[in-house]
Amino acid sequence: MRLKSLSICGFRGFNDAQTLDLSDTMVIFEGPNGSGKTSIGEAVEWLLYGRTLKRTKGDDLSKREYSGCYKNAHYIGSAPPYVEAELDDRAGKARKILRELKTDETSVLKVDGSVVQDLKEFGIDHLHDRPLILQHTLQDFIFMKPKARYEVLSAMMGLEPLIALRTAVEAAKTEFSKRLPQRAVQAQSRRTLLVADMRQEPVLVPVVTLIESGRLAAAKQHLGQVAQGLVSPGYADLLQALKTVKSSKERAQLDWGRLSAAVISSPAEAPVVKLLSRLDARVSKIREHLAAAAAEQQGSQREHEPQRRQFYHLGLRLLDSVHPEHCPFCAADSLTPQRIAALREALAETPEGLAAIQKALAEVRGLTTDLVAQVAEQKKVVPNQPDDAEVRKIRDIAAGAAEAFLESNKALGDQLVICGESIEVLKNLQTAIEGVLSSGELPKSSDDLAQVVGRYKAEISVLPAFINGYAANYSVLDPAIKAGLASSADVKKVERTIAALEQWKDVRIAQVCRDVERSFTDLVGDIRTFTERKQKQVLATRDKEIKNWYAMLNPISDVAYDGMVPGTDNLELRARTYAKTMFAAPNLSMSQLNCVGLAIYLACATRKGTPFNTLLIDDPVQSMDDEHTEAFKKQVIEKLLDDGFHIILLTHMQLLAGDVEALYRRRGAALYKMSQYSRSGPAIEWKGPGLGRLLEMVRTHKDATNEEYRKTATLNLRMFVEQFVKELYKADTGNPISRKYEGKSWGEIRSLLKSCKSFDINDEAKLEDTCNFTSKHLHPDERMPRSVANSAQLNSHYIAMSEILTKYKPVLGF
Amino acid sequence: MNAEEDLIHEMRGEVEDKWRGALTDAYMKVPTAEAIATKALEILSEETDAIEKS
């Protein structure tokens, strides 16, 4: 992209519309501070990027202060402020770019009259990849953070797409996770739980390891092998076979140990039997106490109170002769509540009788204690018996072998029921007798305590035999049950295997998600690596160029810039002094840092593949000493021109501007003076020739209807011819023009052409023809037009001179 | 193909992994996070459907 003209209206320092002719090989704008030079640079910057670095940095400091600063303070035009450029694109095609400023400080961009969003078709995208070298930004790069420096330099080197790519991929990873479908989220969650559960199963741990390493095919194969090992051969459906196994294992789950019994080798020695003798003792004691008192009282009263004795007999409806066993005064063994009640009544009248009753009562109560102890002992030896579900499982596991055990279990259970019932009877009877002895209340029960105890003893005495039978059968059955038992661990193993097979789709979907996320991470790493490698490649040549530019500006220096050291995402600038390496930013002087900045920007702006042919340089040597300035004038600019760059130089230094114009006049440098800044904008005046500029002015004015413009075109044609002769002489011979030719016209200076070896003598007639044409229309002394040439005449001479200029451009150094 | 596309193309040439290759398809010219994420989600959806149907 090469700029040919720039029109600015209402933007920054420009109020009224002005068009700057930039067609010459080098255009110099010289003017004091505040004359509007920087506005030209900013106009180009804003046109290309829609913003300026100065404003971008300013907004960071204070949006309020910088707000509205694009628009000229005096601009009152109804149309929006704008910057427009005529240019040749990369293919050499003439194009127009226009940017209009909107009130909200955004802008409308048009290319050839059509609204566009960006200038990517011109290769223009990133603010830091720019054709602008502005004095106030020279050190920006140096005083950036290394990471920002890395990104900016990458952009300046054309590696910005890779940085953008990396940023986009990183952001895409987050975006991907946020937008993950519900099914995938569910799969991830299930996978996490499944893997955690599988990890509890040693046989499945290798499967987990394979899953976590992303080797799902191998994991599935291993899982299949585990599953096959859990089922019998010959299944049609592995999953169904596993479910059948699981069901079978669940049925074979039994707490067999809970049902075991201590084997009682000898019933006589068993505590439960031993305690039975205590019951007998209690009964004997009760009988003894009551019988002794009754016998004593009977002996005394039988003689003295026969009627009373008879009363007892009648009251109880008992007769000695008929029912001696119920007679309280008989030495009978019977201990029914009724008889005890009669005895109590008979004995209660004497102190001795009362004492006997109390003793009997104590024994009855002791009977309760003995019963409790008896039951406790019984519980100790009676095993836990299987419930109905356990009985079913025992049959499931041991089949027919379980019947003997189950029969002994049933027999034991039945005996326990019998014992339990006897205990209840005994307890009730004990309670009744206790009540009789305490209060004399006659209970309904007519059981004999001695008989009940005897029955209870008989039932309990055989209990150990039942327990032993149970235990013996338990021992016999034990191996068969243990062989068929399934532990909860067995069931869990099958259950986990089934879960893994059933949820394998979740594992696969979750793995796809993980693959994507890992790919994002890997891709970012790849881009980093690739960028770093490319950057090193670019730097290998670019840093050499930077050093060359720096050396050009610093021919002799003991302290010098030493190059860049790129890292993964940063970039260090190094300096060197007497073989000692150090960081550049803190150790070089401001002037040296300006040179480093200038060298970096020059290297980047002139990089191979840059979309820009125009380079705008704003006061680059402002803070440099004379040596650096001379190097800039004589070497840097010449190198840029040699490399085919079109230069726009902005400077406040009159001497520099004059020297540069003089140095490069023969190569088409044109000098403009900016002065008398007013509210309407900068006053820009053309001060020095440029052959291209002269012909461009002819082209611009030759077809004008306004005669004044055509007069100007005529004058420019004449100036072109005379300037051409002088420039050709200097370029061809390498000699300066002698002072005697200063101010001389065609007639005097045409002799110079004879010394030009490259000059085709046939062209002299063309030059003379144009001179003669212009003489007819110019005042002889003042060279002012005296008659007005028409457009056709002007056009034919314009074409002739354009051909001359084209023909001799190689000699002139264009 | 301009210089920027050349770079991306070259970068993509080094990426052989299936997923990363698929992701790089999304940004041959305009690298936006949304475009890449959308591409990734499309492929995820296709693979999920295939797994569900298998």
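What share of the contacts in chain A with a separation of 6 or more comes from residues 24 or more positions apart? The figure is 72%, where two residues are in contact if their C-beta atoms, placed from the backbone, lie within 7 Å.

Before going on, a word on what you're looking at. This is a predicted model, in which local features need pLDDT of at least 70, side-chain atom pairs count only at pLDDT 80 or more, and totals for chains, interfaces and linings use all residues. Residues are numbered from 1 along each chain as its sequence is written, while chains are lettered from A and ligands numbered from 1 in the order in which they are written.

Here are the two chains side by side. Helices (H or I, at least four residues) and strands (E, at least two) are DSSP runs, numbered from the N terminus. A residue is buried if 20 or more other C-beta atoms lie within 10 Å of its own, exposed if 12 or fewer, and partly exposed in between, with C-beta atoms placed from the backbone.

| Chain | Elements | Buried share |
|---|---|---|
| Chain A | 28 helices, 15 strands | 39% of 814 residues |
| Chain B | 3 helices, 0 strands | 26% of 54 residues |

Now for the inside. A nonpolar core is a set of buried Ala, Val, Leu, Ile, Met, Phe, Trp, Tyr and Cys residues joined through C-beta atoms within 7 Å. The largest one has 126 residues, and A:F11, A:I28, A:I133 and A:L553 are among those with the most contacts inside it. Helix α19 (residues 504–553) of chain A supplies the largest share of this core, 16 residues. The core lies between domain 1 (1–156 + 577–688) and domain 2 (160–253 + 486–531) of chain A, because both give residues to it; the domain bounds come from an automatic or database domain assignment. There's also a second, separate core of 42 residues, including A:A341 and A:L449.

So much for chain A; what about its partner? Chain B has 27 residues in contact with 31 residues of chain A. Helices α1 (3–13), α2 (18–25) and α3 (33–53) of chain B each give two or more residues to the side that touches chain A, and α3(B) gives the most, with 12 residues. By class, that side has 16 nonpolar, 4 polar and 7 charged residues. Here Ala, Val, Leu, Ile, Met, Phe, Trp, Tyr, Cys and Pro count as nonpolar, Asp, Glu, Lys and Arg as charged, and the others, Gly among them, as polar.

Finally, confidence. The model scores ipTM 0.90 and pTM 0.51.
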